[in-house]
Amino acid sequence: MLLKKKIPMKYVLGKIRVELFLVILYVISFEVFLYYYGTNAINIPIAIPTIIGTIISLLLAFKSNQAYDRWWEARIIWGAIVNDSRTLIRQVIAFYKDPDFSVEANDFKENFAKRQAAWCYSLSQSLRGKDPLKAVKQILSEEDFRYIKKHKHVPNAILLLHSKDLKKANEQGKINTYQQVEIDNTLTRLCDSMGKCERIKNTIFPTTYSMYIRFTLCLFIILLPFGLTDLLGWLQIPLVTTIAAAFFLIEKMAIHLQDPFENRPTDTPMTAISSTIEKNLVQMVNEFRDEFEAPVKKPEVELHHIQPLKNSYFVL
């Protein structure tokens with residue numbers, strides 16, 4: 001997630017540098033051709049590119065809205081994960097019978113909290129296509145880690161461990177059946193949030209839709225210099241370049257927002273959210289300690305395609 005408000009123009013234009021280079025090359029070539037072979041036969045009414053530009057604006061507006069809806073839905077889902085994670089540990093702490101404040105009960109609650117934090121980390125890494133085991137190795141106990149290694153879907157395996165511990169606690173009389181059902185309802189909501197994230201991740205934007213927009217945009221840029229020949233002359237080079245940059249940037253913004261789990265600066269800050277969840281949960285189960293420091297273990301995330309920005313920071 002990009003934290004700094006001021007984004008260098010070099011970074012912004014770098015996203016469309018290839019398109020801008022081709023546009024500048026085309027417009028300069030067009031003007032050079034007119035200069036040496038001046039003719040009015042290639043002029044077209046300005047209304048033609050204007051109509052095409054209007055169509056592109058409508059298409060880009062629709063695509064941008066749809067892309068933002070996907071991004072915002074992803075953020076809402078992770079907001080629900082934060083709330084349900086806190087609710088889960090609160091229920092475990094409140095329901096678990098521990099009149100003598102035993103070490104066994106404290107270990108049960110603390111292990112539950114760490115496992116839930118591991119679930120958040122593993123889910124974020126799975127959505128980004130990274131190794132979820134690497135993110136949770138230092139958080140989970142050896143027994144839990146050996147169990148989830150056998151499963152292909154690590155976050156789902158962690159939820160299954162939650163259910164097994166709840167069943168065992170019920171059999172031992174630490175929680176009753178009604179309390180087990182309430183906690184299981186919270187696990188169900190977490191599972192639903194996981195499925196919603198996977199739906200967004202696995203549902204791609206129609207390729208043909210993006211292809212049609214790019215084709216129409218290129219047609220607009222090709223025709224625009226023909227309509228501005230008599231009006232601006234050589235001044236159309238910066239004008240056409242600026243107009244093209246505006247359209248290409250809007251298109252690129254929509255492309256980035258439509259995939260909120262691809263480890264880009266515009267993505268949902270899942271690792272930062274997971275870190276906050278870990279701090280909250282560990283503090284909840286260690287509320288009686290005099291000195292507290294939440295062991296935040298951020299997973300190592302490789303960012304091969306994100307270039308560092310000057311005077312800016314990313315929270316992964």
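**Close-up views of an all-helix model**

View 1. Welcome to a predicted model, in which the protein chain has 11 helices and zero strands. Of its 316 residues, 42% count as buried. The accessible surface of the chain comes to about 17800 Å², and carbon and sulfur atoms hold 60% of that area.

**View 2. How confident is the predictor, and in which helix is confidence lowest or highest?** Over the protein chain the mean pLDDT is 82, with 85% of residues reaching 70 or more. Helix H1, residues 9–14, has the lowest confidence, at a mean of 71, while H8 has the highest, at 94. Take care with residues 290–316, where pLDDT stays under 50. The model does give this stretch 60 contacts beyond four places in sequence. Where pLDDT is low, however, predicted coordinates should not be read in detail.

**View 3. The largest nonpolar core.** This core has 45 residues, and those touching the most other members are Trp 78, Ile 81, Trp 119, Val 136, Ile 148 and Phe 261. Several helices each supply at least two of its residues, including H3 (47–95), H7 (154–171) and H8 (177–202). Helix H4 gives the most, with 10 residues. In soluble globular proteins, nonpolar side chains tend to be buried together.

**View 4. Phe 261 and its partners.** Now zoom in on one member of the largest core, Phe 261. Which residues does Phe 261 contact, leaving aside its neighbours within four places in sequence? Among them are Ala 74, Trp 78, Leu 127 and Arg 128, as well as Cys 197, Ile 200 and Lys 201. Asp 267, Thr 268 and Met 270 are also in contact with Phe 261. Elsewhere lies a second, separate core of 21 residues, which includes Ile 16, Val 23, Ile 221 and Phe 247.

View 5. Beyond its neighbours within four places in sequence, Ser 193 is in contact with Ile 77, Ala 80, Ile 81 and Asp 84.

**View 6. Helix H11, end to end.** At 1.5 Å a residue, the 16 residues of H11 should span 22 Å, and the end C-alpha atoms are 23 Å apart, so the two values agree. The buried residues of H11 pack against H3 and H4. Among those buried residues are Met 270, Ile 273, Ile 277, Leu 281 and Val 285. Ser 274, Ser 275 and Glu 278 are buried too.

**View 7. Asn 43 in a loop.** Look for Asn 43 in the loop between helix H2 (17–36) and H3. Asn 43 counts as partly exposed because its relative accessibility is 22%, between the 20% and 50% cut-offs. Although Asn 43 and Phe 226 are 183 residues apart along the chain, their C-alpha atoms are separated by 5.2 Å. Not counting residues up to four places away in sequence, Asn 43 touches Phe 226, Thr 229 and Asp 230.

View 8. How many disulfides does the structure hold? The count is zero. Cys 120 is buried, with a relative accessible area of 0%, whereas Cys 191, at 32%, counts as partly exposed.

Notes: Residues are numbered from 1 along each chain as its sequence is written. This is a predicted model: local features need pLDDT of at least 70, side-chain atom pairs count only at pLDDT 80 or more; totals for chains, interfaces and linings use all residues. Side-chain values use heavy atoms; hydrogens and water are left out. A nonpolar core is a set of buried Ala, Val, Leu, Ile, Met, Phe, Trp, Tyr and Cys residues joined through side-chain atoms within 4.5 Å. Buried means under 20% relative accessible area, exposed over 50%, partly exposed in between (1.4 Å probe, protein chains only). Helices (H or I, at least four residues) and strands (E, at least two) are DSSP runs, numbered from the N terminus. Contact means heavy atoms within 4.5 Å. The expected span of a helix is 1.5 Å times one less than its number of residues. pLDDT is the predictor's confidence in each residue, from 0 to 100. Accessible areas come from the Shrake-Rupley method with a 1.4 Å probe; for residues, only the protein chains shown count as cover. A disulfide is a pair of cysteine sulfur atoms within 2.5 Å.
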